[in-house]
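Hi,

Here is the structure I promised to send over. Have a look at it first, and then read on for my notes.

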Amino acid sequence: MVRLTIDGKEIEVAEGTNIIEAARRLGIEVPHYCYHPGLSVAGQCRLCMVELGNNPRPQIGCNTQVAEGMVVRTDTPKVLEVRQSIMEFHLINHPLDCPVCDQAGECWLQIYYMKHGLYEPRMVDEKVHKPKAVPLGPHVMLDAERCILCSRCVRFCDEVTGTGELGIFDRGDRSEIGLFPGRELANPYSANVIDICPVGALTDRDFRFAVRVWYLDTAKSICPGCSRGCNIDVHYNIRRPHHNQGRRVARLKPRFNAEVNRWWICDAGRYGYRFVDDPSRLGAPARGRGDAAQEVGWEEIIPLVTAQLRRYRPDEIGVVASPKMANEDFFLLRRLVDHLGLIHVDFRVPPRTPGDEDRILIKADKNPNTRGAELIGLGPRPGGLDARGMLRAARDRRIKCLWVFHHDLQASAWPAAEVGDALRAVECFIYQGSNSNGVSAAAHYVLPSAAWVERDGTFTNFEGRVQRFWKAVEPLGLSLADWEILGRLGAALGLGPEPASAEACFKALAASAAPFAGLSYRELRDTGKVLSA
Amino acid sequence: MAEKILTRNFHLPGSHTLVLYRETGGYAGLEKAFAMKPAEITEEVKKSNLRGLGGAGFPTGVKWGFLPQGHPGPVYLVINADEGEPGTFKDRYLLERDPHALIEGMIISAYAIGAHLAFVYIRGEYVQPWRIFGRAVAEAYEAGLLGKNIRGSGFDLDVIVHRGAGAYICGEETGLISSLEGKKGWPKLKPPFPAIRGAFGAPTIVNNVETICHVPHIMNRGAAWFAGLGTKSQGGTRMYSVSGHVTRPGVYELPVSATLRSLIYEHAGGIPGGRRLKAVVPGGSSAVLLTADEIDVTLDVDGLKNAGTMAGSAGVIVMDETVSIPEALMVVARFYAHESCGQCTPCRESTGWIYKMARRIVEGKGRKEDLDTILDVARRGAGTTICAFFDGAVGPYISYIEKFRHEFEALIRK
Amino acid sequence: MNARGAVRVEFTPEQLAEVRRLQGLYPDRRAALLPVLQLAQEAFGHISLEAEEYVAGLFDLSPAHVHEVVTFYTLFFREPKGRHVISVCHNLTCHLLGAQQVLAHLKERLGVEVGGTTPDGRVTLLGVECLCACEMAPMLQVDDRYEGNLTREKVDWILEGLA
């Protein structure tokens, strides 16, 4: 450890820490553009100047490592003047087109200029012109005139993905970010360059012009796209419902977690939220198939479904849970399954095409909570059938009631005919999920689930890290969180009062399932906890 | 007339050949060096007060001393032959007319610093110098002066001659290293300095051609002799490139204690056509401009520093009374705008901006605020960049305007 | 040559052997990038995007990284150039001693602007920064050669020597 003083405050930090990070620990912000803790030090923007001891020449904080007894000042007249100068240099060739720039409101040129600007524009000459509104790939749009050439995006593609698509071409004030002509920026992590771009040079084709960022609210969440469980923020718009075609979730952004995803998420996860505000959402419980289908209220559907569950022998009922459900849901389902003495329980349905995987973040298992389902005991039981076995038994009319959560069995690796035969043969098919799919229309009873952004809960990722996600928006229509549906069914089946909250479910889970012992929402905090077992 | 050392053979036909170099005492310094311990050579170079002659003027022996002791991996010697500072052409003469002096200097220097691989980075436009120097390297290999076990010393040295591709910034030592590594010539952040982490990540010493050409003579005749040729803080002679409005433009080798006035009037023959002197760039384009009455200064690093300018690369550009200083500034500003590598913001943005302002003034569209804006932008940008390029540009930006403000104002008033 | 007169972008076995030699010469093979690009320009006349991709492949580099290098240095030509290139220095000393007149004369004689190539493909005319031969200002570089102390007559004589 190294002791130093920054603006008169003493601090002890690890050797090798730079001054920006050391100052951050003291709550002192050293403004910067090119420095990013996840990338190599470039020292290009020159904004993070600080004064060191008696050195008359300010030095950049990003490339200065702390040293014992170092005396750093970030607030001297000299430092403030340098910041002002550097801000002017960054802006002389910038188009100053904030009113039509999608970055407005979250642009670090705006943010720092407020604090450190010269407020006396002197540039009257023709600015350097560069390409504008150039699509770099499926997700990223470039405006080279707004670019301050900090090279974060270039370093991201060189150092994180190793794909090297971007470069800075030419030199001097003609320097320009770009792709090799004819190529595109389409690596599986491409949109991260939008997040790390401090200005409006790289914007999100999916998000641009959808909502002004100052109308957005944020909820902490976990990406449900694979078993990595990347930490994310859900940015949602409920203040201007007429914007973004009424879609409430506007975008997902990575949320830093040193142990899971650092600063990044993959594009598949980032853009995988569209189902939330999709017309395919199931808005109300329903009974009856095809033309006979009719929407009903929860008061009506709960007794109907409980009656069905009671009507069949335990060995005539099959339950296919989903690894997209939360630990809280699994706990209540497990309780219900045990209470009814069901023996055919599973949650695994293999996808038609195996998932892709890489050495960065992406996992082949495209479910957020496979590990949770395993640990809470929703896998096949001794003497019980697995999911495919249940389908076959349904076809042979040995299983008469099938309760499927979320899965689109028609999109699975199993032959469509096998699935179709089973669903036609089964006497009672209960489908519980957030969206309609290839099998939901065949259901006798539909129980609409809230999407993950519409409720609280936890997922257990591939390495056993239990992580919380928070409710961002209200459940669509009459939909309810799976735990709530299961709680109501449980109450109707005589399992006692329904739990008051997801947290209450988790508390009960922690009290009953050994791997989760001792955990609580408070204990999980923002970044989760790895199960010891 | 003072003794010529580096340029002593320049007038001889075949001065670039090994035969002639040997006949005139060449490679004798190497024999002496091989009889010494490497550390003794560095010590001798320190004592000689040899200073870097590429522009920065840093004491050469001190620079060598920055190398880590007992480094386990390779150490490299890089010769900066990327001559590019406007007004400078001495290294071209050395490469073409006395390439073996450089080779001998390189062998001794490499031996001193423990390098077994040396690179000579020659600017891409220097095709003839590259050919001539390349032939000299081939000759040296054939004569056993390069390669394995040089002259039975047990010391090995290979030399790679590398050509640039057109970028002034590659004369900056870390820009040169980036370029040598096959990248854009973007200067590197310091620290680490090249002596700690340079070319290919290894400790590296980058020295100018002329600097290294002095080393055999220091070996031959001793540090005291060399130091005695110069001033208290800088030993030896150096080659002054004189151009512009003088009767005899060319390279002049003088002790660094000579004055700028004698260089212009005695050696280069004064201003032609009976015209009067207006201004002098004393150390390459990046040096602060001196007016006609500021030339009674010695040409050593400290002499020019005390006069508020710098010895730089010793490129002396003489301007007579007919010269328009605003136009000269426009030309110089265009150069810096064209050559800024674009890596860091202050330099990238302000070199282009200042050129636009300077051009506008020359075109008669100047505004009265422009001069103070240029001065202020130059001052604010100074000292904020990754390398010394912009600080070099600041010298002319400020001095041309401050010393000849009336000429600019006359253009703006028009 | 294909229909558009462009040279096929592929090194001969001899040139490829030279590429391998250069790549083996340096402590890191990427260091051979500039020499190999110089070789490519010699072989193909200029460095097209196709050539950049080809060279990138020889180094296992992303083409963007080769493009960065090619666009950074002034001696790499990205468009076909004339059989001869005349680069007139317009930096300070040459400017003081008449570079503008030299350029004006060349523009008139060749009928092209600075940066242009004569329609017959004979000469590309460039204005360049200091070539470090100020003692012979005003000066220019014609292909490999420096020519200085230029007058109208000397410029005419230089042009006459160009096929």
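How much area do chain B and chain C bury between them, and what share of it is on carbon and sulfur atoms? Keep in mind that this is a predicted model. The two chains bury about 3,700 Å² between them, and 62% of that is on carbon and sulfur atoms. Three residues stand out on the chain B side: E125(B), A165(B) and K184(B) supply 16% of the area that chain B buries against chain C, more than any other three residues.

In terms of residues, 58 from chain B are in contact with 35 from chain C. There are 21 residue pairs in polar contact between these two chains, counting pairs with both residues at pLDDT 80 or more. As for which parts of chain B are involved, these elements each supply at least two residues of the side that touches chain C:

- the helices 5 (90–97), 7 (127–142), 8 (173–180) and 13 (325–339) of chain B
- the strands 2 (117–122), 3 (158–163), 5 (237–244) and 9 (315–320) of chain B

Helix 13 of chain B gives the most to that side, with eight residues. Sorted by class, the side of chain B that touches chain C has 29 nonpolar, 16 polar and 13 charged residues.

Charged pairs also join the two chains: the count between chain B and chain C is four salt bridges. One of them pairs D144(C) with R131(B), and the closest N and O atoms there are 2.6 Å apart.

Next, the cysteines. Over all chains, the structure holds zero disulfides. A pair to look at is in chain C: C89(C) is in no disulfide, and the nearest cysteine sulfur, that of C94(C), is 3.6 Å away. A disulfide would need the two sulfur atoms within 2.5 Å. C94(C) is likewise in no disulfide, with the sulfur of C89(C) as its nearest cysteine sulfur. C89(C) is buried, at a relative accessible area of 3%, and C94(C) also counts as buried, at 3% relative accessibility.

Finally, a few words on chain A. This chain has 14 helices and 23 strands, and its C-alpha trace spans about 85 × 50 × 40 Å along the principal axes. Of its 533 residues, 59% count as buried. Among the contacts in chain A with a separation of 6 or more, 68% are between residues 24 or more positions apart.

Best wishes

Notes:
Residues are numbered from 1 along each chain as its sequence is written. Chains are lettered from A and ligands numbered from 1 in the order in which they are written. This is a predicted model: local features need pLDDT of at least 70, side-chain atom pairs count only at pLDDT 80 or more; totals for chains, interfaces and linings use all residues. Side-chain values use heavy atoms; hydrogens and water are left out. Buried means under 20% relative accessible area, exposed over 50%, partly exposed in between (1.4 Å probe, protein chains only). Contact means heavy atoms within 4.5 Å. Buried area is the accessible area (1.4 Å probe) that two parts lose on being put together, summed over both. A salt bridge is a side-chain nitrogen of Lys or Arg within 4 Å of a carboxyl oxygen of Asp or Glu. A polar contact is a pair of N or O atoms within 3.5 Å; within protein, one must be able to donate a hydrogen and the other to accept it, and residues adjacent in sequence count only if both atoms are side-chain atoms. Helices (H or I, at least four residues) and strands (E, at least two) are DSSP runs, numbered from the N terminus. Ala, Val, Leu, Ile, Met, Phe, Trp, Tyr, Cys and Pro count as nonpolar, Asp, Glu, Lys and Arg as charged, and the others, Gly among them, as polar.
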